[in-house]
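Here is a short briefing to read alongside the sequence and the 3D view. It goes topic by topic.

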Amino acid sequence: MTAFVRRQRYLLEYSLSAMARRPGKHLALLLVYTLIVFLLASVMLFTHSLQRETRLVLAGSPELIVQRLVAGRHELIPAGHLERIAGIRGVRAAKGRLWGYFYDPAVRANYTLLVPPDDAPAAGEIQIGAALARIRGLALGDYLSLRGASGEPFAWRVAGLIESDSELVSADLVLMGEADFRRFFAIAPGLYTDLVLSVRNPREVLTVAEKVSLALPDSRPILREEILRTYDAVFGWRQGVVFVLLVGAILAFAIFAWDRASGLSGEERREIGILKAIGWETADVLRMKLWEGAVLSLTAFLLGYLLAYLHVFYASAALFEPVLKGWAVLYPAFNPVPFVDGLQVATLFFFTVFPYTAATLVPIWSAAITDPDSVMR
Amino acid sequence: MIELDDVRKAFNQGRPNELWAVRGVSLNLPLKGLHVLKGPSGSGKTTLLAMIGCLSRPTAGRIRLDGRLISNLPERFMTEVRRATFGFVFQQFNLIRGLSVLDNVMLPAYPLAPDAGELRRRALALLGRFGIAARAAHKAEWLSGGEAQRAAVCRAMINDPRILIADEPTANLDSQRSQELLAVLGELVAMGKTVLVSSHDPLVFESAGVSHVVELHDGRLLGGGSC
Amino acid sequence: MLISPAFLALNGGAMLVSLLMLMAAGQAVQVLRHWDIKSGSERQLALERRTYLIATLVTWSVAAELVALLLFLHTAESMSSQFVGAMCATGVLNAHALGWPVLGLKIAVFFAGAVWLLVNQLDNKSPVYPLVRLKYALLLALLPLVLVQALAQLGFFLGLNPDLITSCCGSLFTAEGEGVAAEVAGIDPMLSLALMYGSGVALLAAGMRYPWEGRCGIVYALAGMLAFALALVAIVSAVALYVYEHPHHHCPFCLLKAGRGFIGYWLYLSLFAGAALALGVGVISPLRRVASISAVADAQARRLTTVSLGLFALFYLIATFAVVGSNLTMEGVWW
Ligand SMILES: Nc1ncnc2c1ncn2[C@@H]1O[C@H](COP(=O)(O)OP(=O)(O)OP(=O)(O)O)[C@@H](O)[C@H]1O
Ligand SMILES: [Mg+2]
């Protein structure tokens, strides 16, 4: 066992020194390899963190939302519906929600206005998200004024900034009291944007949803699970499409690696011939060459992943900014919580290290079977 | 005892450019002394040495080492025999450029995975014995021809083989250096090693230490095989 | 169909492995047709050199398959959010008829590949390579398994329909349910643990005879397979509950994400490696009858038996630790 480990150490040492003696040859490969890993890892980390952020958002959202539809369009829902739902078995609590969007021409962005269920700000006061505060240059105690539904201006004092795990959740949020909200949007009392239900037993959500749609024929229940599922599918699909586009790049990379591995210089051939002549076995040379590949792969993988990590989590995925830009003016500071995911690393491994290795196996082998007596000629 | 029994070697067998480089050599070599293989260029000296040293396999015929058949082994096992029994010195030195002399000397021992410290000590001792200890840390390509050939001898001896095979070891040396190398080989013989040299340099096969000269011609022995 | 990176990685990887194995098989056919160990010809030398390529290709394929097995389970796990009713890998495997067969095939490929590598290693120990024909015939038998596995996996992923409502571990692995999984989950935990440890003792008995007396290699392999199966049963019916510290959670896959210190990985790795080596003993010990490798095969089988026993012992230790160290107490409920 120790002999085995020692032999691997010798072989590794030799392959490191061989690589150090020909840095140029390996540098180009390392560069391309790192780039490939970087690209794939960036896409993965980016979409994955988007996915996580949405999950964070949705985690706090209710299990069941009930919206009223009129002619297929989302309408305000009367408070009367609440009582009819509350009677359904399995429903723990039902509440009306007030929220809406407001387009602010000053910064050309949409805000989300929301009346929080508890601890709503006092009349005349609001709490706002960090991104909004940044873009409007608001500090605590400043006033935000917007034009209401009937044309008259409203001014609120900023009483707090919203702290959150996820900037995505809170970026464009404006929290206000119920009375302010109703006056601003001119919504009559007794009407809500939608209703939210919490269900006693998570397994009964489906049954409850069915009963709701029976009890309120003009409404549609929306399950949190369903939203999550849709998002997951959408994100996975988007990632998949990007990866399909990148398959070409990976293929090109594999061909490049194959070419590099099979295009041995006369000097390298001679070196392998010498090794074989002085007592190295074909398997030893093979292993030495595989170590070389392992060192390259590991370096490129770590480097590429690290760069992607920095890119996505600390440089706000600057390379993807064009894609992000069209999304919303309020999201320039995309700073998701850093994370590393084992499944992702394994997937990435299959996309990069495995094709690289497969492409180099035959060239490595054909180098390793050099005739041991070749150096005598 | 190394016994060769009707050994033949063909290159490009079955193709139009087929060539029999060795055509039926039978020969017994005792495992002591300095043996020289001489003959004109292209007579098959190198080919024969490669077969004896387990670098290649005869197309037909048998080679025995102390009664053990070594000519029919697959490469994997030939390598085992080779690194336990033979050391090699080549005409072009064949040190690996860019590696230090010490690393070059230790190279043949890597697959055997000896203890690193012990291996280093062994290599330094060899370098000391052949007078190039001062060059241990130098890169191989900085050595002079004579030093390089002595480093090659050290490398050949690192696994302590019984037999040293040297293919035209003096071809790239001037007569002064050749004499020195012959002295080194003589020293090895004195240590009880068997040395097998191919050469068409009279300086070598006419030197005093030679115990036996075998002459090859066109892949065949000239005169008797046994000694 | 659900295109995701993991989907592409798994199927791309399986395609690549199939390619490597096809290449290896092509080379193997050449070797089988022209092999003549007694010949000193250049062709024989070239064939001997091909054996290195074949071995390298297969080694990498098996290694990739092992990673792919883990990746497959984790992918199934991560896809569970896209299926109504699925809460872990179980639900996703249930979502398509090919789910469980793919898992079975993957495990079979791993076992067969591992055994092949052991036979290959043994063959390389004798200068006459006595097992060349056997091992390359085995390789040709392994090839369809790999190909079918790749196709089945592709079929599974392409056939997955997110609108389907599936049932997950909660309903599959319950004592009240129907089917094999439910039966397994419903086994009296005391009985299953007793069977697991009992088979372990039997294994030990069979295993001890081999290194010391050089007998019962095949018996050991059979005992190993039995112990493997019973260990899986015990995991589902008892050990899992202790790891989850939940009296009704039987799922064998959630183990990979639950528990402290990746205990699921340790459990499965030691169990699978131990079983693969036991299988290897079963194949290698009869090869002692091949004269040229008799001694090597014997030594190798003894060594494998010892290592395999060690791995099984490790598995039992971890399982015991999982039960004893758990906060779940079933005293009064089970015993
Ligand atoms: N790999 C090979 N392929 C084809 N022909 C070869 C090969 N190696 C050697 N030969 C031929 O075999 C013959 C014998 O070669 P060998 O190198 O053994 O001669 P030699 O006696 O060592 O000659 P020299 O004194 O020039 O080194 C030569 O004609 C050579 O061209
Ligand atoms: Mg020559």
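Chain C holds 11 helices and zero strands. Its pattern along the sequence reads α-α-α-α-α-α-α-α-α-α-α. The model is predicted. The points below start with chain C, then turn to the ligand site, the strands and helix of chain A, and the cysteines and loops of chain B.

**Chain C**

- Chain C has 335 residues, and buried residues make up 56% of them.
- Helix H8 of chain C spans residues 189-213, and Leu191(C) sits in this helix.
- Leu191(C) and Lys38(C) are separated by 153 residues in sequence. From C-alpha to C-alpha, Leu191(C) and Lys38(C) lie 58 Å apart in space.

**The site of ligand 1**

- Which chains surround ligand 1? Residues from chains A and B do, so the site is shared between chains.
- The shell around ligand 1 counts 15 residues. Those that come nearest are Ser41(B), Gly42(B), Lys45(B), Thr46(B) and Thr47(B).
- By class, the shell around ligand 1 splits into four nonpolar, eight polar and three charged residues.
- Ser41(B) places a polar side-chain atom 2.5 Å from an oxygen atom of ligand 1.
- Thr47(B) also uses a polar side-chain atom, which lies 2.4 Å from an oxygen atom of ligand 1.
- Gly42(B) uses its backbone instead: an N or O atom there lies 2.8 Å from an oxygen atom of ligand 1.
- On its own, ligand 1 has 630 Å² of accessible area, and the protein covers 70% of that.
- Two elements of chain B give two or more residues to the shell around ligand 1: strand E2 (19-29) and helix H1 (45-52).
- H1(B) supplies the largest share of the shell around ligand 1, with three residues.

**Strands in chain A**

- Strand E5 (residues 99-104) and strand E6 (residues 109-114) of chain A run antiparallel and are joined by six bridges.
- Gly100(A) has Leu113(A) in E6(A) as its bridge partner.
- How many residues lie between E5(A) and E6(A) in their hairpin? There are four residues between E5(A) and E6(A).
- In the turn of this hairpin, Arg108(A) has a positive phi of about 50 degrees.
- E6(A) is also joined to strand E10 (residues 173-176) of chain A, by three bridges, and E6(A) and E10(A) run parallel.

**A helix residue in chain A**

- Helix H2 of chain A runs over residues 23-59, and Leu45(A) lies in it.
- Is Leu45(A) buried or exposed? Leu45(A) is buried, with a relative accessible area of 0%.
- Leu45(A) and Asp341(A) are 296 residues apart in sequence. In space, Leu45(A) and Asp341(A) are 9.0 Å apart, C-alpha to C-alpha.

**Cysteines and disulfides**

- A disulfide is a covalent bond between the sulfur atoms of two cysteines.
- The disulfide count over all chains is zero. The cut-off behind this count is a pair of cysteine sulfur atoms within 2.5 Å.
- Cys54(B) is buried, since its relative accessible area is 0%, and buried means under 20%.
- Cys154(B) is buried as well, with a relative accessible area of 0%.

**Positive phi in loops of chain B**

- Cys54(B) is not a glycine, although its phi is positive, at about 60 degrees.
- Cys54(B) belongs to the loop between H1 and strand E4 (60-65) of chain B. H1(B) is the helix that gives three residues to the shell around ligand 1.
- Phe93(B), a residue other than glycine, has a positive phi near 65 degrees.
- Where is Phe93(B) placed? Phe93(B) is in the loop between strand E6 (86-89) and helix H3 (101-106) of chain B.
- Phe93(B) is buried, because its relative accessible area is 15%, and the limit is under 20%.

Conventions:
Residues are numbered from 1 along each chain as its sequence is written. Chains are lettered from A and ligands numbered from 1 in the order in which they are written. This is a predicted model: local features need pLDDT of at least 70, side-chain atom pairs count only at pLDDT 80 or more; totals for chains, interfaces and linings use all residues. Side-chain values use heavy atoms; hydrogens and water are left out. Buried means under 20% relative accessible area, exposed over 50%, partly exposed in between (1.4 Å probe, protein chains only). A residue is near a molecule or strand if one of its heavy atoms lies within 4 Å of it. A polar contact is a pair of N or O atoms within 3.5 Å; within protein, one must be able to donate a hydrogen and the other to accept it, and residues adjacent in sequence count only if both atoms are side-chain atoms. Accessible areas come from the Shrake-Rupley method with a 1.4 Å probe; for residues, only the protein chains shown count as cover. Ala, Val, Leu, Ile, Met, Phe, Trp, Tyr, Cys and Pro count as nonpolar, Asp, Glu, Lys and Arg as charged, and the others, Gly among them, as polar. Two strands pair if DSSP finds at least two bridges between them.
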